Amino acid sequence: MDKLYSLSAKSMKELLEKREVSSVEITKSVIERIEKTDKDVCAYNSYNFENALKNAEAVDAKRAKGETLGALAGIPLAVKDNIHVKGLKTTCSSKMLENFVAPFNATVTDKLNASDAIIVGKTTMDEFAMGSSGESSKLAVAKNPWDTSRIPGGSSSGSAVTVAASQVPFAMGTDTGGSIRMPAAYTGVLGLKPTYGTVSRYGIIPLASSFDQAGPMARNVDDLAMLFGAVCGRDTKDAVTKNYTFDGYGDSVKGMKIGVPKEYYGEGVQPAVKERVFEAIETLKAQGAEIIDISLPSTEYALAAYYIICCAEAASNLGRYDGLRYGFRGSNTSNVEDLYLTTRSEGFGDEVKRRIMLGTCVLSSGYSDAYYKRAKLLQQNLAAEFTEAFKSCDVIITPSIALTAWKFGEKAGNPAEVYAADICTITLNIAGLPGMSVPCGFDSSNNMPVGFQIIGKKFRESDILTVAKCYENAVGGFAVKEF
Amino acid sequence: MKIDIRHIAKLSKLSIPEDQIERFEEEMQAILSMVEHLPEIEGSAVVVDTTNTMELRADEVIPSASREDMLMNAPQVAAGCIVMPKVVE
Amino acid sequence: MNNKYEIVVGLEVHAELSTKTKIFCGCKNEFGAEVNTNVCPVCMGLPGTLPVLNEKVVEYGIRMGHALNCTINRATKHDRKNYFYADLPKAYQTTQDDVPLCANGYLDILVGDETRRIGITRLHIEEDTAKLIHADEFGGTLIDFNRCGVPLIEIVSEPDMRSAEEAKVYLETLRTILLYLGISDAKMQEGSIRADVNVSVRPVGAKEYGVRVETKNVSSFSGVYNAIVYEANRQIEVLENGGELFQETRRWDDAAGKNVLMRSKEDAQDYRYFPEPDLLGYVIPEETVEQLKAELPELPVQKTLRYMNECGLSRADAETIALSKDKAFFFDACMATGKCGPKLLSNWVLGEVTRVANERRCEISELPLTVENLVDMIALIENKTISNAAAKTVFEIIVDKDEKPADIVKAKGLAQISDSSALQTIVDSVIAANEKAINDYKGGRTNVLGFLVGQCMKQSKGQGNPAMFKDMMIAAIENS
């Protein structure tokens, strides 16, 4: 059977269960596909082909013996390079961790292994997940499969790209301010940032601990849900996780109320993006949803609050990279103080340094009240506004990102403008809410994908998936880039 | 608010070359200026959110990891320990 | 010490808690293990790891908070204290900033004849750091992570102490309480209690505090005493020479008996505290707090006062017993039988019982000696069945064997003879054999009486009642 690699995970699962193909066959097909296409899209920092084939063989053997198999048995996937897979490198696309070998598994990895999934490699990302374009990677710099001269979005750039380029059916990303949803939108795939506390953060190198959440990326709703179901749930190693059971989803929006907040459709949003998102809303309306105008007035302050809290936590999380115990060691090792300075100055890229200094600044003595404490109050207010808004609607729809994929280097030297593009996604991380980017056509000026975002109530991923499934059916599925 | 890049860099254990200080300063200033436009909001954030709390762990031993695994990324190991440059107090 | 000045002292005491596991991971909390064996990704601070709080640490913290008469913050949280140091693998310490577990308490201590009340500002829980081993033979410093993540409580006092002696007593009292509560090994030589000492001086009668200087790294009782005396003298000397004092941090060098400047105010650390995002807040149930309070044992200072006021012990004896959990618990158990009085008991507990325990380098509770046997033996002394001398023989047996003192007395014939006709026979024979001594006595040298009674005791093989011998001897000589 050719093009096994291009099948959906659901189809793979069916074929595997009917024993029409083996996991080894699928895995080989995926490996060949990656070997053939990855030089063009550069989705991976490292491959895990040898282990993948061994694991595929093991799953096939288990199946042959009639043993009970996990939900993702024999299906290949990729994980972002900030998620530990024991024995493989976890680089965070940084010189700092270029040679760091994970000595333990992330809980997500344990769950994937328990589901008998086949991990084929580690996908590239913005350095330490700081960025929304993928450009800050110090290792592989992923390209957008729809136009390889354009950015794929970030920070989960490689995970988005490997899915968009049909190298694997789905992949795991992480999202701190839109790092799953933005690259999903830019590359025309689906990406879910679950409710904070749904997926364990243990073994995932953090950016901002109170915002980080891992989630699935896929080309269709069923595959996305399948992967989500396999990784979610309470983990005793992550104190913020909650008892959570994912209880499936429907395909009808009849009677559902969809909130549309005007603040998310402002001047900064490109007209082409607005048009496509409004069309998507119309489609859902035609399927029986009720559309309600809502307001989330604190949104305009969210960006500032986000960057303060995010950078404060990031600066603290990144303090441990000092060259003493692991990772890159700087050029001057004559004493500890010089080692700190040279390690950190040589090992981190500019974007990382900028955020470390920003985070250090907002927490430093005399600044903390003006910045950090004010940001925490804004966070609280914003969360309260969402709670209020959700009294009148079931889900909220916004653009996933104000722009479509730009050309590499186009926005260099203007970090504030790039940060501003994150406004649609960051509010969910601030409020801890789940959100998903769903493709909704193309920007006719550059033929790049547009995505809309479905925001749900806390722990109501099922509502989001129901809306997405209804939309997917209504539009007859999503476009896949022939590549 | 004016940022003292040299002071912040020192706190962050980063050395920023003199010729890049201005660029970092401008870029960070642009981001911090967003913050300066924050409204004067009333009240203060909740200190301990009693509606969202965590479970504590029982005091039970979990077998430790192997020393070999724990030291596998260390740049230098001797006598079962990571070696680092001499700490002068 | 220059008596124009008053010394003001506050202490920050860190004590390692004796939980089974570390504060944020399930690694063993033990002293002296092979290097880097009680370690895991969490306590080594590897990237991607997360803390999970040990409930026992919270419980121990609350117990200590109750012992120090603190308010317990039932809704609490943790914070990060950010700084770079080689022994801190995450570059931050997970501690508590604005909502400590316990606050606003006090501790009464006995200094001289006075009870002094020392205010407790706060008590919070946090993690210990790794241990650095300076090893020139390896061309650098080695890091052992076994201690990293061991739970600590930090107890911060108000600047309420006025002498080095008070600070020493305060620290000793804290240590005894930790032992009483069974929440810390409290071994200063193993570093399980460490103190940072804040000292300032001011002219006697002044209302304002002087400039405060912190001395870090003090790890013995004598060190605390010496560090305070040294620093106070240093400050007084600066002031007397017209100099200026600065708020700074100094490091105590116990071997050299002096401190050295560590950080001036300009280099003061900016710890950039913020809430630990890897943990959520938690609420300790009211019942738990109340139950822990109800379980609080009687503490050393209260015991000392009770021993003095209710048992009539001397201050020295009362304190010696009370400051040792081992002695105090044994003493109290003996008292609880109601079979003997406190004075003779305290003599025995502080005397023979302690001597044997010391010889064997063990706790009293570890001796085979039972409470029942000791009190029975003391009762036999008190009701004059046996003499002190005979009691020693009994004690040598019961300290190792669970035998009834009364049986031993019977078997060995140790009971005192109080039958006057039997005693009279002995007295008469001693008088007959010691004519010279009798004449001496009659001639006014009454101190030979001791010799004569001793001869009676010898003849009775120690079993005669010496008081009766004495009376009978006097009567016999005077009537002759």
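Chain B puts 35 residues in contact with 44 residues of chain A, contact being C-beta atoms, placed from the backbone, within 7 Å. On the side of chain B that touches chain A, H2(B) gives the most, with seven residues; helices (H or I, at least four residues) and strands (E, at least two) are DSSP runs, numbered from the N terminus. That side divides into 26 nonpolar, five polar and four charged residues. Here Ala, Val, Leu, Ile, Met, Phe, Trp, Tyr, Cys and Pro count as nonpolar, Asp, Glu, Lys and Arg as charged, and the others, Gly among them, as polar.

A word on conventions. This is a predicted model, where local features need pLDDT of at least 70 and side-chain atom pairs count only at pLDDT 80 or more, while totals for chains, interfaces and linings use all residues. Residues are numbered from 1 along each chain as its sequence is written, with chains lettered from A and ligands numbered from 1 in the order in which they are written.

Now strand E11(C), residues 193-203. Eight of its 11 residues are buried, meaning 20 or more other C-beta atoms within 10 Å of their own, these atoms being placed from the backbone. E11(C) pairs in the antiparallel sense with E1(C) over 11 bridges and with E12(C) over four bridges; pairing needs at least two DSSP bridges. Leu11(C) stands opposite Val197(C), and Asn198(C) opposite Glu214(C).

Finally, which residues does Ile228(C) contact beyond four places in sequence? They are Ile7(C), Val9(C), Ala164(C), Ala167(C), Val197(C) and Val199(C).

How values were computed: Buried ≥ 20, exposed ≤ 12 C-beta atoms within 10 Å, placed from the backbone. Contact = placed C-beta atoms within 7 Å.
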